[in-house]
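Let's take a walk through this protein together, one part at a time. Have the picture in view as you read.

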Amino acid sequence: MSETQPSSGLEGVATAARQAPGRGLPPVHLWNPAHCGEIDIVIKRNGQWFHEGTPIGREALVRLFSTVLRKDPDGFHLVTPVEKMRITVEDAPFIAVRVDREGEDLVFQTNVGDEVRAGPENALRVETDPLTGEPRPYLHVRRGLEALVARPVFYELVELAEAESGRLLVRSGGVAFDLGSAGDVEA
């Protein structure tokens, strides 16, 4: 019996992601292939994916690659059962582009189609941009991967927030998330 060798590089990643079992996310956290080097993929601060300096224009391909993205202690990688290739991520790999209130929960949609319910497992956090002093909110998506919350979505969160002790808090999943000082955060 002969086995066919999997293709490598970008084509190999796409092939492995397509073959992932079921409709859910591939179990990248269970895959431990040898590191195969780097691949010239960059996820820009605005969430756009580039390969060899050219934007990846096929949304379906970006979504596919996002399913095999993993954050390890040494950086971000596209991972298949047989390959692990480092990529560059300028900020967060995803952008939260929408938020909806569902009962007591906040449900976010990312630019790559993830639906994330904020709560204990998927926390919201806000940093201050050292250059501009503006808030930079992030949402945990899965296994250490985060989404930068888009400015219009952050404004929606501020509108939903309640002021308590000079802080703006928004609640979801039984957790209160601090958006910042009521005087510093303006919608």
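How many helices and strands does the secondary structure of the protein come to? The answer is three helices and 15 strands, where helices (H or I, at least four residues) and strands (E, at least two) are DSSP runs numbered from the N terminus. Please keep in mind that this is a predicted model, in which local features need pLDDT of at least 70 and side-chain atom pairs count only at pLDDT 80 or more, while totals for chains, interfaces and linings use all residues. Residues are numbered from 1 along each chain as its sequence is written, and side-chain values use heavy atoms, with hydrogens and water left out.

Two totals describe the protein as a whole. Of its 187 residues, 46% count as buried; buried means under 20% relative accessible area, exposed means over 50%, and partly exposed is in between, with a 1.4 Å probe and protein chains only. Among the contacts with a separation of 6 or more, 52% come from residues 24 or more positions apart, a contact being heavy atoms within 4.5 Å.

Now to the strands. Strands of a sheet pair through backbone hydrogen bonds, either parallel or antiparallel. Here two strands are said to pair if DSSP finds at least two bridges between them. Six strands form an open sheet in the order 9-8-7-12-11-10, and its pairing is mixed. At the edges are strand 9 (115–117) and strand 10 (124–128), each of which pairs on one side only. On average, neighbouring strands of this sheet are turned by 40° against each other, direction ignored; axes are lines fitted to C-alpha atoms, for helices over the stretch in contact, and angles run from 0 to 180 degrees between N-to-C directions.

Within this sheet, look at strand 7 (residues 94–102) and strand 12 (residues 145–149), which run parallel and are joined by three bridges. Helix 3 (residues 151–160) lies across strands 7, 8, 10, 11 and 12, and runs at about 30° to strand 7.

Let's turn to two hairpins. Strand 4 (residues 69–72) and strand 5 (residues 75–79) pair in the antiparallel sense over four bridges, and they form a hairpin with two residues between them. In this pair, L69 stands opposite L78 in strand 5. Strand 14 (residues 167–172) and strand 15 (residues 175–181) also run antiparallel, joined by six bridges, with V170 having F177 as its bridge partner in strand 15. Their hairpin has two residues between the strands, and G173 takes a positive phi near 60° in it.

Next comes a loop residue. Is N122 buried or exposed? N122 lies in the loop between strand 9 and strand 10, and it counts as buried because its relative accessible area is 14%. The side chain of N122 reaches the backbone oxygen of H140 at 2.9 Å, and a polar atom of this side chain lies 3.0 Å from the backbone oxygen of V141. Leaving aside neighbours within four places in sequence, N122 is in contact with residues including V116, R117, L139 and F177.

Other loops hold residues worth a look. Q48 sits between strand 1 (35–43) and strand 2 (49–51), and is partly exposed, with a relative accessible area of 34%. Not counting residues up to four places away in sequence, Q48 touches V42, I43 and P55. The C-alpha atoms of Q48 and P93 are separated by 8.9 Å, although these residues are 45 apart along the chain. In the loop between strand 2 and strand 3 (54–55) you will find E52, which has a positive phi of about 50° although it is not a glycine. E52 counts as exposed because its relative accessible area is 57%.

R143 is also not a glycine, yet has a positive phi of about 40°. Its place is in the loop between strand 11 and strand 12, and R143 is partly exposed, with a relative accessible area of 47%. R143 is also one of the residues that line the largest cavity, among them L25, P26, L69 and L145.

Note on methods: Polar contact = N/O pair within 3.5 Å; in protein donor to acceptor, adjacent residues only side chain to side chain. 1 Å grid on protein atoms, 1.4 Å probe; cavity = no way out; pocket = protein on both sides within 12 Å on 5 of 7 lines; lining within 4 Å.
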